Amino acid sequence: MMDRIPSARDLTADEMVSLRNIVGGSFTPNSQINAGQKKRLIALGLVHSAMGGLMPTPAGRIVARM
């Protein structure tokens with residue numbers, strides 16, 4: 001976990017696309033995103049896993065709009 005909100009520069013282009021897809025909907029099934037990207041986005045605190053899917057955190061919403 002980082003001690004600050006990650007910026008778009010901290011993500012790869014593919015991670016950024018995945019984050020924007022998650023933020024674009026209210027709920028994204030786990031199968032819609034690469035397992036490695038999911039793990040990293042969760043570790044960065046940008047998304048969280050809930051009820052078999054992914055939802056953006058407030059920090060994730062901020063980063064997705066950068």
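Start with Arg 40, which is partly exposed at 32% relative accessibility. The model shown here is predicted. Arg 40 has a partner, Glu 15, and their side chains meet in a salt bridge. The distance from N to O is 2.9 Å. Glu 15 lies in helix H1, residues 13-24, while Arg 40 lies in helix H2, residues 35-43, so the pair ties together parts that are 25 residues apart in sequence.

How exposed is Glu 15? Its relative accessible area is 7%. Glu 15 is therefore buried, since buried means under 20%. Side chains of opposite charge can pair when their charged atoms come close. In this model the count comes to one salt bridge.

Now look at the two helices as a pair. At what angle do H1 and H2 pack? The angle is about 75°, and the axes are 10 Å apart. That makes H1 roughly perpendicular to H2, because angles of 65 to 115 degrees count that way. H1 brings Asp 14, Glu 15, Ser 18, Leu 19 and Ile 22 to the contact. H2 brings Gln 37, Arg 40 and Leu 41. By class, the contact of H1 with H2 has three nonpolar, two polar and three charged residues.

Finally, follow H2 from end to end. Asn 34 caps the N-terminal end of H2. A side-chain oxygen of Asn 34 lies 2.7 Å from the backbone nitrogen of Gly 36. Just after H2 comes Gly 45, with a positive phi of about 80°.

Terms used:
Residues are numbered from 1 along each chain as its sequence is written. This is a predicted model: local features need pLDDT of at least 70, side-chain atom pairs count only at pLDDT 80 or more; totals for chains, interfaces and linings use all residues. Side-chain values use heavy atoms; hydrogens and water are left out. A salt bridge is a side-chain nitrogen of Lys or Arg within 4 Å of a carboxyl oxygen of Asp or Glu. Helices (H or I, at least four residues) and strands (E, at least two) are DSSP runs, numbered from the N terminus. Buried means under 20% relative accessible area, exposed over 50%, partly exposed in between (1.4 Å probe, protein chains only). Axes are lines fitted to C-alpha atoms, for helices over the stretch in contact, and angles run from 0 to 180 degrees between N-to-C directions. Angles under 35 degrees count as roughly parallel, over 145 as roughly antiparallel, 65 to 115 as roughly perpendicular and the rest as oblique. Contact means heavy atoms within 4.5 Å. Ala, Val, Leu, Ile, Met, Phe, Trp, Tyr, Cys and Pro count as nonpolar, Asp, Glu, Lys and Arg as charged, and the others, Gly among them, as polar. A polar contact is a pair of N or O atoms within 3.5 Å; within protein, one must be able to donate a hydrogen and the other to accept it, and residues adjacent in sequence count only if both atoms are side-chain atoms.
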